[in-house]
Amino acid sequence: MENDPELNGKYLGTISKDFVVVAETLKEASYQVRKRKISEYPIFVFSRTQVPVGSIFLAKEELALEWHINASYLEDFVQRQLVVEDKIEDFKAAYKDPDEYCCLFVVDGEFQNFVFIPYPEE
């Protein structure tokens, strides 16, 4: 669950560009998911085309983004078998402080990976 080198080179620039635009919104959404006890592990799905994971949070057309952003959480990923039962503890161990980092699941065609991006300093 480390940040994949392929992700860094191929995707990090465009993801970062969109992330800066939506970081405060994602941070607030993450807080609300945890505050409302929906999950301690919010995940935001960044995808080039709409995917059936989580619920639509920000459509790229709305904010002139390159990525669609869906809101989800660990339990949804387990239910969809994107995180298998015997990897739940590994996921929780790798999950970074959600007040400081945003957990993204990047989907582009066959490429899928988790990445943790720090929220911009205030």
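This note sets out numbered points on a predicted model, for a reader new to the structure.

1. **Strand β4 and its surroundings.** Strand β4 covers residues 101-108. Six of its eight residues are buried, so β4 is largely enclosed by the rest of the structure. This strand has pairings with β5 and with β1, and the next points take them in turn.

2. **The pairing of β4 with β5.** Strands β4 and β5 run antiparallel and are joined by eight bridges. Strand β5, residues 111-118, is mostly covered, six of its eight residues being buried. Two of the facing pairs may be located in the model: Tyr 101 stands opposite Pro 118, and Phe 105 stands opposite Phe 114.

3. **The turn between them.** The hairpin of β4 and β5 has two residues between the strands.

4. **The pairing of β1 with β4.** Here the direction is parallel, and four bridges join the two strands. Val 45 has Phe 105 of β4 as its bridge partner. Phe 105 is also the residue that stands opposite Phe 114 in β5.

5. **Pro 42 in β1.** Strand β1 comprises residues 42-47, and Pro 42 belongs to it. The residue is buried, with a relative accessible area of 1%. Leaving aside neighbours within four places in sequence, Pro 42 is in contact with several residues, among them Ser 30, Val 33, Arg 34, Tyr 95 and Cys 103. Its C-alpha atom is separated by 9.5 Å from that of Gln 32, which lies 10 residues away along the chain.

6. **The cysteines.** How many disulfides does the structure hold? It holds zero. For Cys 102, the closest cysteine sulfur is that of Cys 103, at 7.2 Å, which is too far for a bond. A disulfide requires the sulfur atoms to be within 2.5 Å. Cys 102 is buried, with a relative accessible area of 1%, and Cys 103 is likewise buried at 1%.

7. **His 68 in β3.** Strand β3 spans residues 68-73, and His 68 is found in it. Is this residue buried or exposed? With a relative accessibility of 8%, His 68 counts as buried, because the cut-off is under 20%. Its side chain makes a polar contact of 3.2 Å with the side chain of Gln 50. The side chain of His 68 also reaches the backbone nitrogen of Lys 60, at 3.4 Å. Beyond its neighbours within four places in sequence, the residues in contact with His 68 include Val 45, Phe 46, Arg 48, Leu 58 and Glu 61.

8. **The salt bridge of Arg 34 and Asp 99.** The structure holds six salt bridges. One of them joins the side chains of Arg 34 and Asp 99, at 3.1 Å from N to O. Arg 34 lies in helix α2 (residues 12-35) and Asp 99 in the loop between α5 and β4, so the pair ties together parts that are 65 residues apart in sequence.

9. **The salt bridge of Arg 48 and Glu 66.** The side chains of Arg 48 and Glu 66 meet at 3.4 Å, N to O. This pair links distant parts of the chain, 18 residues apart: Arg 48 is in the loop between β1 and β2, and Glu 66 in the loop between α3 and β3. Arg 48 is partly exposed, with a relative accessible area of 25%, and Glu 66 is partly exposed, with 27%.

10. Asp 76 forms a salt bridge with Arg 80, their closest N and O atoms being 3.0 Å apart. Asp 76 counts as buried at 10% relative accessibility, whereas Arg 80 is partly exposed at 39%. Elsewhere, salt bridges that share partners join Lys 17, Arg 48, Glu 66 and Asp 108 into one network.

How values were computed. Residues numbered from 1 in each chain as written. Predicted model: local features only at pLDDT ≥ 70, side-chain atom pairs only at ≥ 80, totals over all residues. Heavy atoms only, no water. Buried < 20%, exposed > 50% of the residue type's maximum accessible area, 1.4 Å probe, protein only. Pairing = 2+ DSSP bridges. Polar contact = N/O pair within 3.5 Å; in protein donor to acceptor, adjacent residues only side chain to side chain. Contact = heavy atoms within 4.5 Å. Salt bridge = Lys/Arg side-chain N within 4 Å of Asp/Glu carboxyl O.
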